[in-house]
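Please examine the structure shown below alongside its sequence.

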Amino acid sequence: MQITVCVAVTPATDTKVKIGSDGRSLDPADVSYELNPYDELAVEEALRTVEAAGEGEVQILTVGDGSQKEEVRKCLARGAHRATILKTSIENADSASIAKALADFIAQGESQLVFLGKQAVDGDNGQVPSQLAVRLGWPVVTKISKLVIAGDGFSAEREIEGGIEKIEGSLPCVFSTEKGLNEPRYPKLKGIMQAKKKPLDEVEISLEPAKLLLDSLELPPARPAGRIIGEGLEAVDTLIDLLKNEAKVI
């Protein structure tokens, strides 16, 4: 069983971001990067799938400028067998161009499953999994919270408003992962040492022109300072009046 996990390296979720001088990108100064949290779930699910099958290989695949090696190596340390960076400038990339680059590479191999996180926490678009599936001509199940692979078939669950949706299908298939699917493992010392010897290839590519261009970025307005309007029951009427006529939430 061959599995490909598509990952992204994103700014750490606890990073205090600043907008760059161009007004369209983040200032990289003092920004730390990490594997996209939803992609950690995808890596873990791929590893568990291979372990349950008793055979197979997990390949990590990412698109970037080559600076992603450290985080990709961490995926290898967790148990992935090999990794490839599709090396290119992603300054003006969009989900469509990324999906095409991933699909072109995957189509050359023998993968039967592709895992991705449901979205990257920087752009939050959540479009690559479905666009990748369309490019490959495969079915896609997004935001899975449970997955069982049996031979060439699968059963999956995804949480929807007010219930659980159950889906059955056949491979090949693209899956995007949601919180609650699993608990990602931490790399062990043995895995970290072994990762240094595992293949990590770089393949030079050119992205197709982006169809969606980012015009500008701006930070949300600062929250106004809180204020005390009184104490006890005497403040209730004032609070209701402010919520109704100033905040306009009731």
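Just after helix 1, Gly54 adopts a positive phi of about 80 degrees. This is a predicted model, in which local features need pLDDT of at least 70 and side-chain atom pairs count only at pLDDT 80 or more, while totals for chains, interfaces and linings use all residues. Residues are numbered from 1 along each chain as its sequence is written, and side-chain values use heavy atoms, with hydrogens and water left out.

Helix 1 itself covers residues 37–53. Helices (H or I, at least four residues) and strands (E, at least two) are DSSP runs, numbered from the N terminus. From its first C-alpha to its last, this helix of 17 residues reaches 25 Å, close to the 24 Å expected at 1.5 Å a residue; the expected span is 1.5 Å times one less than the number of residues. Among the buried residues of helix 1 are Leu41, Ala42, Val43, Ala46, Leu47 and Val50. Here, buried means under 20% relative accessible area, exposed over 50%, and partly exposed in between (1.4 Å probe, protein chains only).

In soluble globular proteins, nonpolar side chains tend to be buried together. A nonpolar core is a set of buried Ala, Val, Leu, Ile, Met, Phe, Trp, Tyr and Cys residues joined through side-chain atoms within 4.5 Å. The largest such core has 32 residues, of which Val5, Ile60, Phe115 and Phe175 touch the most other members. Helix 1 gives the most to this core, with five residues. A second, separate core of 18 residues includes Leu86 and Trp138.

Which residues does Val5 touch? Apart from residues up to four places away in sequence, its contacts (heavy atoms within 4.5 Å) include Ala42, Val43 and Ala46, as well as Ile60 and Phe115.

Thr84 is found in strand 5 (residues 82–87). Thr84 counts as buried because its relative accessibility is 4%. Thr88 lies in the loop between strand 5 and helix 3 (95–106). Thr88 and Val203 are 115 residues apart in sequence, yet 8.7 Å apart in space, C-alpha to C-alpha. A polar atom of the Thr88 side chain lies 3.3 Å from the backbone oxygen of Ile205.

A search of the whole structure finds zero disulfides.

Terms used: Disulfide = S-S within 2.5 Å. Polar contact = N/O pair within 3.5 Å; in protein donor to acceptor, adjacent residues only side chain to side chain.
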